[in-house]
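Please keep the picture open while you go through them.

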Amino acid sequence: MTETSSIYSISAGNSGSPMLTLTALDGARAEIYLHGGHVTSWVPAGGEERLFLSSSSAFGPNSSIRGGVPVIFPQFSNEGPLPKHGFVRRMDWQFVQAHPAEAGVTAILRLQANDESRRIWPFEFLLELAITLGGAQLELALNAANPGTQPFSFTAALHTYLRVADIHTTALGGLGGLPYLDKTGQATQRVQPEGDLRFTSEVDRIYYAATGPLTVREEKRSLQVTTSGFTDTVVWNPWAALNQAMADLEPEGYRRMVCVEAVTVGQPVILRPAQRWQGIQRLTA
Ligand code: TA6
């Protein structure tokens with residue numbers, strides 16, 4: 001299974017699952033499982049790991065990886081009749097190519113409609129994930145196309161798990177004063193007071209029509225999150241009780257993660273035959 005060039009290699013990752021390693025000339029590095037088209041590690045040039053990956057995560061067929069950047073399509077969460085967060089995070093994507101880019105290095109992964117997807121969702125789709133890294137930045141561009149003859153509508157997300165040293169001393173800037181749907185308990189519409197979001201209990205929020213820029217501030221470092229194409233932002237931390245109930249989230253894992261998600265859920269996208277859509281999330285350390 002090993003395939004190598006100076007900028008990428010494909011080898012056996014956890015549970016023997018095929019894993020692409022991308023390395024830019026400046027040393028920036030990412031690991032991506034073909035299962036789910038799932039980025040699980042990102043280390044900026046001269047920096048340290050910026051993504052959270054649960055040490056209790058499953059990696060096998062039909063499972064979804066807990067951490068990194070799950071690709072959510074064609075349904076965000078339980079907002080529709082399909083399995084929660086859709087199905088592409090559980091499917092094996094195809095590695096198309098990796099090449100040098102102005103910003104460093106880009107890899108392209110692809111997933112298209114197949115017998116299994118048609119049993120769940122009877123539409124023809126083509127997804128491409130372009131992963132570009134170099135310097136202090138990771139850019140993930142999710143491209144969806146409709147090569148079929150029927151229109152379809154979808155919601156989608158890059159469900160990014162950021163690694164933090166301690167959630168108790170982490171703050172998220174860029175959402176102050178905005179309305180959000182609080183999904184902890186009974187879904188309730190609320191407004192965040194001005195200022196940073198701090199974490200003291202479970203957080204599960206959809207900020208509709210909110211796209212940042214956002215800043216994750218920690219005691220010793222910060223990270224900027226920008227998007228284009230996506231319309232909404234979701235912030236999630238399960239906190240202690242839910243963490244305990246999740247077999248694939250390592251003990252106390254909630255302390256070391258926060259999900260800052262680029263999402264399109266408020267207004268589903270309608271793709272007619274031959275139309276394309278693109279959503280991008282950029283992380284800058
Ligand atoms: O995006 C936030 C969310 O929908 C939360 O409600 C929480 O359930 C999380 O995603 C994880 O979902 P998962 O299906 O991966 O356990």
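1. A contact here means that heavy atoms lie within 4.5 Å. The model is a predicted one, and in its protein chain 62% of the contacts with a separation of 6 or more are made by residues 24 or more positions apart.

2. As for the overall make-up, the protein chain contains two helices and 22 strands. Its radius of gyration is 18 Å, close to the 19 Å that the globule rule gives for 285 residues, and therefore the chain is as compact as a globular protein of that length. The C-alpha trace spans about 45 × 45 × 35 Å along its principal axes.

3. Turning to burial and surface, buried residues account for 54% of the 285 residues in the protein chain. The accessible surface comes to about 12,000 Å², and 49% of that surface belongs to carbon and sulfur atoms.

4. On charge, the protein chain carries 22 positive and 26 negative side chains, while the centres of these two sets lie 2 Å apart.

5. One local feature deserves a careful look, namely the hairpin that strand 4 and strand 5 form, with four residues between them. In the turn, Gly-36 has a positive phi of about 85°. Strand 4 (residues 29-33) pairs with strand 5 in the antiparallel sense over five bridges, and Arg-29 has Val-43 of strand 5 as its bridge partner.

6. Why can strand 5 (residues 38-43) be described as largely enclosed by the rest of the structure? The reason is that six of the six residues of strand 5 are buried, where buried means under 20% relative accessible area.

Notes
Residues numbered from 1 in each chain as written. Predicted model: local features only at pLDDT ≥ 70, side-chain atom pairs only at ≥ 80, totals over all residues. Heavy atoms only, no water. Buried < 20%, exposed > 50% of the residue type's maximum accessible area, 1.4 Å probe, protein only. Pairing = 2+ DSSP bridges. Rg over C-alpha atoms; globule rule 2.2 N^0.38 Å. Areas by Shrake-Rupley, 256 points an atom, 1.4 Å probe, with all protein chains shown as cover. Lys, Arg positive; Asp, Glu negative; His and termini not counted. Charge placed at Lys NZ, Arg CZ, Asp CG, Glu CD.
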